[in-house]
Amino acid sequence: MNHQTSTTDNWEAIRAACLDVLPAHIIAFIEQNQDMEHSEGQLIAVLHMVQAHFGFLGQDTMHAVAQLAQIPLAKVTGVATFYHYFRLQPRGKHMINVCLGTACYVKGAEKVAQRLMDELGIHFGETTRDGLFSLDSTRCLGTCGLAPVVMVDNQVFGPLTPTDVSVLLAKYVKKEKVAAE
Amino acid sequence: MPSPVTDFFESLRDRAHSALAGGGKAGKVTIQVGSATCEHAAGSLDVLDEFTKHIQSSGSDGIVIHKTGCTGRCSKEPIVGIFIPGQAPVKYERVNRELVHEIFTKHIQKGIPLPEHALDGSLDRKDGPEKSGKTSISKHFSDMYGDVSFFTAQNRVAMRHSGVLDPESLEEYISLDGFKALATVLSKSDPEWVINEVLKARLRGRGGGGFMTGQKWKFASQNEEKTRYIICNGDEGDPGAFMDRGMLESDPFSVLEGMIIGAYAIGAGKGFWYIRAEYPLAIKRIQNAIDLCKAAGLLGKDIMGSGWDFEMEIRLGAGAFVCGEETALIRSIEGERGQPKVRPPFPTTRGLWGKPTCINNVETFANITAIINHGGEWFASVGTEESGGTKVFALAGKVKHTGLVEVPLGTPLRDVVFGIGGGVQDDRPLKAIQTGGPAGGFIPASMDTLAVDFGPLSKVGSIMGSGGMIVLSEDDCIVDISKFYLSFTQEESCGKCTPCREGTTRMLEILERITGGSAVLEDLDKLERLARLCQQTALCGLGRAAPNPILSSLKHFREEYIEHIEGKTCRAKKCVAMIHFEINAEACIGCTACVRNCPVNCIAGQRKEAHSIDQSRCVKCGQCFDFCRFNAVERK
């Protein structure tokens with residue numbers, strides 16, 4: 001069973017709306033498969049492409065995929081949420097993980113985490129507006145000797161006081177500013 | 001008798017040989033560097049870069065670099081082989097940039113090898129292949145590694161090219177008898193003959209199920225429906241298993257050729273590779289292999305001039321362990337949530353898009369060309385009465401030599417762990433061997449003479465599985481490890497059927513109570529009843545196998561569970577709730593190492609005075625235990 005491209009009156013408008021959201025190569029991939037047999041089997045491949053392009057699967061992009069590929073949005077969302085590999089939230093350029101293992105907790109990880117939240121203006125699981133930082137907590141990183149520790153991308157920093165955290169953040173912000181200029 | 005297929009094959013082989021002779025390693029010094037995900041992580045790209053720089057600055061055109069796959073000798077990577085014409089190859093272990101310089105300036109330029117850096121610390125070819133009593137079907141492999149006992153104790157069939165072949169070169173694969181098997185099959189033009197050879201070989205599915213491959217192919221080929229599919233299952237999700245990644249990255253063409261032969265046997269016109277998205281290098285190498293084969297007329301229309309058409313494409317997994325189960329995998333290729341379906345009907349009857357489908361594991365396909373080239377009877381003679389051939393294991397845990405090992409089925413576990421693996425780390429006593437990953441079970445040390453084969457392993461409550469083999473010493477807590485595996489299956493349960501969704505959660509809760517010290521003996525009966533229920537009633541293999549670690553540990557290590565519950569003690573000193581750290585004042589010399597490294601500053605004591613731990617503030621992180629060089633910190 002393959003999906004016939006819709007022939008509704010407003011199809012051109014719908015397609016144009018999708019063009020605004022999705023990059024050309026994904027549109028081309030979807031349309032090129034559309035009239036083939038079992039085209040709906042490419043859904044996971046399309047979602048991989050979307051995530052590779054945007055870094056995550058957003059409401060708008062999933063909606064556009066559903067529209068263009070003529071697959072119900074409920075199904076697109078169902079598939080996206082089933083597989084661990086797909087992320088539904090954008091991730092910042094730098095991933096900050098605060099260790100909340102026992103040793104770090106006792107050494108004041110909570111204060112460190114609070115300072116991070118205050119400075120960045122976000123909670124765990126969120127990303128700053130400028131897209132630079134995502135904040136999350138993690139279970140023990142196995143570096144209890146350096147507690148309390150924070151992992152930025154793949155680098156572990158510790159031991160950190162709330163003041164150290166501010167300095168560390170400023171360093172990253174500065175680096176980004178220099179890169180931008 | 002010449003036929004279009006044999007003509008095609010001969011011209012293909014001639015072209016491959018002349019291409020290789022033109023690119024010429026002949027008469028030159030060859031530097032062989034492993035290139036797979038694990039090698040890269042160990043730093044082989046740096047090594048490659050450094051050698052390239054050295055060759056360039058030396059200005060010599062008599063030295064070439066040969067990129068190969070991975071031998072499976074994980075703990076010694078990156079491994080570098082140096083071939084100087086007329087001399088035996090020399091292999092170096094754990095090579096880094098500095099060592100590259102030394103190898104280049106001393107060994108390559110002055111001809112003085114460096115024995116202190118040689119693989120396994122020796123340059124002597126003391127136990128060559130002729131002495132080991134084992135025959136290798138790849139002369140190439142034994143020429144290269146025939147003097148290293150880690151390899152000579154193995155019997156390499158599926159991994160015969162891993163570590164000697166450039167995984168991105170079709171010509172090299174063809175020069176090592178590549179596509180000879182496909183040429184044989186296509187010129188015979190008798191699918192039934194292929195199925196019979198595989199039946200004779202007694203090849204059983206290497207993905208874990210252990211179903212006879214020939215039987216599976218027969219069922220699919222006898223189906224009335226003519227649209228059929230073949231799928232290669234490369235969704236290797238077991239934590240601690242990496243056999244499939246090894247083969248896909250190191251010898252992609254063998255797996256691909258095996259799959260084409262399988263497709264021919266069952267009459268499939270289309271094949272799919274289902275590979276984890278987490279294996280980017282494997283995906284890249286398989287795509288490269290598909291593209292090269294298409295261009296060479298080995299895939300697509302009129303394969304090798306036989307008039308038979310077969311296409312294949314790659315589909316990516318997306319991080320769901322359950323998709324290794326065949327019906328879930330099919331759902332995933334169809335673009336659905338990867339939830340399993342009730343079997344029967346089996347996929348060979350109604351599979352992908354309702355058509356007969358054969359799903360075989362990567363390793364199963366890797367064995368096919370060997371069966372065709374050497375005969376089903378030969379393959380059967382390698383294994384046991386029950387199942388033919390070899391099995392690749394990912395040997396890990398508390399073992400001296402970790403890595404990928406391939407042994408004939410029927411080999412005693414002992415020979416794998418002590419013979420090839422070199423025994424338990426730090427020479428601690430062996431406690432158990434865990435096979436089959438989260439779906440498998442524990443085999444106590446007292447049963448280490450057990451043969452690795454499908455039947456014997458399941459008899460003691462474990463499974464062969466896809467080939468994970470974890471060695472556990474007296475320092476490991478069986479209850480803790482069972483909990484680890486169950487937390488994995490609990491997280492990966494797809495949620496479709498109640499026994500698995502609820503059962504794994506409740507069992508995990510009980511295990512947490514046991515390791516946390518708040519369980520009562522009655523919990524043990526509950527745990528066992530729940531485990532049996534889940535085993536008998538879950539919908540798919542994941543749920544039915546999830547209780548295996550619990551049931552097998554209850555069978556062989558019940559007393560440890562009882563100790564946890566009644567005595568609130570953990571004999572391995574792993575369960576944090578049941579231990580505390582104390583400093584033995586007599587052994588303590590007052591070096592302050594523990595004081596300085598305690599993350600919560602709960603150790604008191606001045607230099608040259610015995611230290612003591614404030615139990616009320618201790619978080620039991622174990623830093624003091626690890627840092628003390630005088631064994632003064634005791635776990636109690």
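The model is predicted. Chain B and chain A bury about 2100 Å² between them. The largest pocket holds about 1300 Å³ of space. Over all chains, 41 salt bridges are counted.

**Where the chains meet**

- The contact draws 32 residues from chain B and 23 residues from chain A.
- Of the area buried between chain B and chain A, 58% is on carbon and sulfur atoms.
- One salt bridge is found across the interface of chain B and chain A.
- Lys75(A) pairs with Glu336(B) in a salt bridge, with the closest N and O atoms 3.1 Å apart.

**The largest pocket**

- This pocket has a volume of about 1300 Å³.
- It is lined by 50 residues, and the closest to its centre are Gly207(B), Gly208(B), Gly209(B), Gly324(B) and Glu325(B).
- Four elements of chain B give two or more residues each to the lining: helix H11 (213-221), strand S5 (229-234), strand S8 (357-361) and helix H23 (541-545).
- S8(B) provides the largest share of the lining, with five residues.
- By class, the lining of the largest pocket has 25 polar, 15 nonpolar and 10 charged residues.

**The second largest pocket**

- The volume here is about 510 Å³.
- The lining has 26 residues, and those closest to the centre are Asn33(A), Gln42(A), Lys270(B), Glu313(B) and Arg315(B).
- From chain A, helix H2 (24-34) and helix H3 (43-54) each supply at least two lining residues.
- From chain B, strand S6 (270-275), H14, strand S7 (311-316) and helix H15 (326-333) each supply at least two.
- The lining of the second largest pocket divides into 13 nonpolar, nine polar and four charged residues.

- Glu313(B) is partly exposed, at 22% relative accessible area.
- Arg315(B) is buried, at 7%.

- Arg285(B) forms a salt bridge with Glu168(B), and their closest N and O atoms are 3.0 Å apart.
- Arg285(B) lies in helix H14 (residues 280-295) of chain B, while Glu168(B) lies in the loop between helix H7 (149-152) and helix H8 (170-175) of chain B, so the pair ties together parts that are 117 residues apart in sequence.
- Arg285(B) is buried, with a relative accessible area of 3%.
- Glu168(B) is partly exposed, at 29%.

**A salt bridge from helix to loop**

- Glu559(B) and Arg571(B) form a salt bridge, with the closest N and O atoms 4.0 Å apart.
- Glu559(B) sits in helix H24 (residues 548-567) of chain B and Arg571(B) in the loop between H24 and strand S14 (581-583) of chain B, so this pair ties together parts that are 12 residues apart in sequence.
- Glu559(B) is partly exposed, with a relative accessible area of 38%.
- Arg571(B) is partly exposed too, at 40%.

**A salt-bridge network**

- Asp46(B), Asp49(B), Glu50(B), Lys53(B) and Arg97(B) are joined into one network by salt bridges that share partners.

**Two single residues**

- Phe150(B) is in helix H7 of chain B.
- Phe150(B) is buried, at 2% relative accessibility.
- Setting aside neighbours within four places in sequence, Phe150(B) is in contact with Gly72(B), Arg73(B), Asp120(B), His401(B), Leu404(B), Val405(B) and Ile420(B).
- Phe150(B) and Glu311(B) are 161 residues apart along the chain, and their C-alpha atoms are separated by 39 Å.
- Thr52(B) is in helix H3 (residues 44-58) of chain B.
- Thr52(B) is partly exposed, with a relative accessible area of 33%.
- The C-alpha atoms of Thr52(B) and Val64(B) are separated by 9.0 Å, and the two residues are 12 apart along the chain.

Note on methods. Residues numbered from 1 in each chain as written. Chains lettered and ligands numbered in written order. Predicted model: local features only at pLDDT ≥ 70, side-chain atom pairs only at ≥ 80, totals over all residues. Heavy atoms only, no water. Salt bridge = Lys/Arg side-chain N within 4 Å of Asp/Glu carboxyl O. Buried < 20%, exposed > 50% of the residue type's maximum accessible area, 1.4 Å probe, protein only. 1 Å grid on protein atoms, 1.4 Å probe; cavity = no way out; pocket = protein on both sides within 12 Å on 5 of 7 lines; lining within 4 Å. Points joined across faces, edges and corners; volume = space filled by probe spheres on them. Nonpolar A, V, L, I, M, F, W, Y, C, P; charged D, E, K, R; others polar. Contact = heavy atoms within 4.5 Å. Buried area = accessible area lost by both parts, 1.4 Å probe.
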